[in-house]
Amino acid sequence: MKVTARALAVFLAISIPAWFSLEAQAQSLGAGFSQAGTPAASGKFYTFDKIADGVYYATSNGPMATGGNHPIIVNERDVMLVDDGTTPAAARALLQDIKLITNKPVRWVVNTHFHYDHTDGNSIFGPDVEIIGHEFVRHAIMDLDVLHREPYKTALSNMLIQVESLKKQIAGEKDAGRRATLQSQLDATQQDWEQLKTIKPTPPTMTYSSKMTLYSGQREIQLLFLGRGHTQGDTVVFLPKERIVCTGDLMESRLAYMGDALFDEWITTLEALKKLDFDTLLPGHGVPFHEKSLITAYQGYLRDLMTQVATLRKQGLSADQAAQKVDLTSHKADFPQIQGPGADLRGVRRMYEWMDERAKP
Ligand SMILES: [Zn+2]
């Protein structure tokens, strides 16, 4: 499994332009790939891989910007979705395609954290669906003006850059076949752009602070807040009987977006994650994996980044300069999207801010 995950990450690292944000890159993961488990069904927009009885992992299989990947838990009477995509259209597409694997109704949605690519399908659900998140998710969506901050802002501007780039490529392309392919990419991107404008940030209807357990027939679903990290309110969905854990972006199979991170707490929270008794980890982006050693590797990456950035900051470099200068290439074997020196700018800017916060008396 790990080999295929790495191969996929390498493919993405080379196939995606450098300016494409990490979260946006992650949205493309899974497209055309079906390696989470036994492919159970493939719909118009999503492919569903069977992970265990009643547990599926949905990934995008088409050009629509769909957001994070979705663990789907089919219970005795109803269905739980983990995260609901980038736009109302993506969430509707998911509900449509889910009919391929079950005719039970979706009654539960978990928002693993507040980022747009995990929560902006929330607005399509009616009162018969409970949307559950950590209490910070509700606070963030209600109070943080999420459509005027990262990571949404960069996603929006990247999409515009992509539209302009495709238009230029089409204008310069002489081959009719390639021009048609580019045109369909442009159409899809413009549709995504239109859909982003329909987003209505909608908070969870139900929150918890440290742990919530749901029981349905034989199924036990634990929602756990193991500590701050990727954001201030990440939920881990744990199925103790099936030994499956769904981690959102707290732990991906690749490097996660760090623009809201609390870096030292993230490392501690990942330690708590490793203590859970699971065999399979279903991440918010990337591909499922089994090895806890990848979590240790990610802790190592974060630790190394913190040490290097602290040194560069002491030398008087700006965050933007430090983001170019850090060298994490020693972590390339575990995270093949590292192609050379440098780290995500928004992550390093956030690290400077976080270091400032910590330096305050
Ligand atoms: Zn995220």
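This is a predicted model: local features need pLDDT of at least 70, side-chain atom pairs count only at pLDDT 80 or more; totals for chains, interfaces and linings use all residues.
Start in the largest nonpolar core, which has 71 residues. Select Met80, Val110, Val236 and Val237: these touch the most other members. Next, highlight α9, which gives this core its largest share, seven residues.

Now zoom in on Val110. Which residues does Val110 touch, leaving aside those up to four places away in sequence? They are Met80, Val82, Asp83, Ile132, Gly133, Leu223, Thr235 and Val237.

Move on to a pair of helices. Select residues 293-314 for α9 and residues 345-359 for α11. Their axes come within 11 Å and cross at roughly 70°. An angle of 65 to 115 degrees counts as roughly perpendicular, so α9 and α11 are roughly perpendicular to each other.

Show the side chains where the two helices meet. From α9, take Met306, Val309, Ala310 and Arg313. From α11, take Val348, Met351, Tyr352 and Met355. This contact has seven nonpolar residues, one charged residue and no polar ones.

Zoom out to the whole protein. Eleven helices and 13 strands are there. Of its 361 residues, 45% are buried. Take the contacts between residues at least 6 apart in sequence: 65% of them join residues at least 24 apart.

Last, colour by pLDDT. The mean is 89, and 89% of the residues reach 70 or more. Then select residues 1-35, where the pLDDT is below 50. In the model, this stretch has 61 contacts beyond near neighbours in sequence.

Terms used:
Residues are numbered from 1 along each chain as its sequence is written. Axes are lines fitted to C-alpha atoms, for helices over the stretch in contact, and angles run from 0 to 180 degrees between N-to-C directions. Helices (H or I, at least four residues) and strands (E, at least two) are DSSP runs, numbered from the N terminus. Angles under 35 degrees count as roughly parallel, over 145 as roughly antiparallel, 65 to 115 as roughly perpendicular and the rest as oblique. Two residues are in contact if their C-beta atoms, placed from the backbone, lie within 7 Å. Ala, Val, Leu, Ile, Met, Phe, Trp, Tyr, Cys and Pro count as nonpolar, Asp, Glu, Lys and Arg as charged, and the others, Gly among them, as polar. pLDDT is the predictor's confidence in each residue, from 0 to 100. A residue is buried if 20 or more other C-beta atoms lie within 10 Å of its own, exposed if 12 or fewer, and partly exposed in between; C-beta atoms are placed from the backbone. A nonpolar core is a set of buried Ala, Val, Leu, Ile, Met, Phe, Trp, Tyr and Cys residues joined through C-beta atoms within 7 Å.
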